[in-house]
Amino acid sequence: MRLMTISNVDKTFSNGKQVLKDVSFSLEKGQCLGIIGESGCGKSTLARCLLQLEKIDAGEISLNGHMLHNLKNKELNPFRKNIQAVFQNPSASLNPKLKIKDSLMDPYQQYGSQKELQHFNYTSKEAYVKQLLEAVELPAQLADRYPHELSGGQQQRVTISRAISIEPEVVVLDEPTSSLDVLSQASLLKLLEKLRQQFSLSYVFISHDLAAVASLSQDMLVMKEGRIIDGFRSDEIFSQNRHPYTKELVSMF
């Protein structure tokens, strides 16, 4: 089942630099689609466009057949509950003045009444937060702490917990492991795969880390200078049919 379709998307910044050029791909239900490329190739801009944090200049972005790119903020609200995000820097994603339990409640307070949850049972704030923390393998007592009292890996698990708290269909992962040490990266990738299967999630995993993307994704796209230049099943990454730029990236890891 196709969830998202991105067709012929262009994006140019106000300084005249075109950062996305005729980008097209689709995301299937339950799929992890990896998008790799070097810094500056347009990956993070693409993530922001998928989340409707940036408006595209041309092309189409649809979710479950609904065209998102033409909608204004109020019109987008019913769809935001079905596409959430995890960004690179968890400490910047969490409000330092809010306890973890209050940060975790934010999506539910915005959208929870708009959908019936299948995996999390809201009987009280405390019980709900406990379920969210357990889902990402964190102890319930962290709920009363502030972000600065957690390690980087724990903070990122909290942002993942917040992203899945209203059971979206799609999670956009924008460099989710790049700020973590090697052991924390491996642990987080294992958690993301468990959550994908447990909650029937679909991921768009955007990163410059080819090894991380290849380990989690079923399918991969390669970006260069704002364009998608290669696409393949992850187990075909070493194929001789790969684009020369893909082969260059592969040779570096």
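This is a short tour of selected places in the structure above, stop by stop.

Before you start, know that this is a predicted model: local features need pLDDT of at least 70, side-chain atom pairs count only at pLDDT 80 or more, and totals for chains, interfaces and linings use all residues. Residues are numbered from 1 along each chain as its sequence is written, and side-chain values use heavy atoms, with hydrogens and water left out.

**Stop 1: helix H5**

Select residues 125-135, which form helix H5. Helices (H or I, at least four residues) and strands (E, at least two) are DSSP runs, numbered from the N terminus. Now colour Tyr128, Val129, Leu132, Leu133 and Ala135: these residues of H5 are buried. Buried means under 20% relative accessible area, exposed means over 50%, and partly exposed is in between (1.4 Å probe, protein chains only).

Turn the view to look down the axis of H5. Why do its buried residues line one face of the helix? They fall within an arc of 160°, so they line one face; the arc is that of the directions from the helix axis to the C-beta atoms.

Next, show what covers these buried residues: the cover includes helix H4 (100-111), helix H6 (152-164) and helix H7 (182-198). After H5 comes glutamate 137, with a positive phi near 65°.

**Stop 2: aspartate 144**

Move on to the loop between H5 and H6 and pick aspartate 144. Aspartate 144 is partly exposed, at 42% relative accessible area. Which residues does aspartate 144 touch, leaving out those up to four places away in sequence? They are Lys99 and Lys101, where contact means heavy atoms within 4.5 Å.

Zoom in on lysine 101. In sequence, lysine 101 and aspartate 144 are 43 residues apart, while their C-alpha atoms are 6.4 Å apart in space. Their side chains are joined by a polar contact of 2.7 Å. A polar contact is a pair of N or O atoms within 3.5 Å; within protein, one must be able to donate a hydrogen and the other to accept it, and residues adjacent in sequence count only if both atoms are side-chain atoms.

**Stop 3**

Select asparagine 8 in strand S1 (residues 2-12). Asparagine 8 is not a glycine, yet its phi is positive, about 50°. Its relative accessibility of 43% makes it partly exposed.

In strand S2 (residues 18-28), find aspartate 22. Aspartate 22 also is not a glycine and has a positive phi, about 55°; it is partly exposed, at 42%.

Finish at serine 62 in strand S4 (residues 58-63). Is serine 62 buried or exposed? Serine 62 is buried, with a relative accessible area of 8%. Beyond four places away in sequence, serine 62 touches Leu3, Met4, Thr5, Met67 and Leu68.
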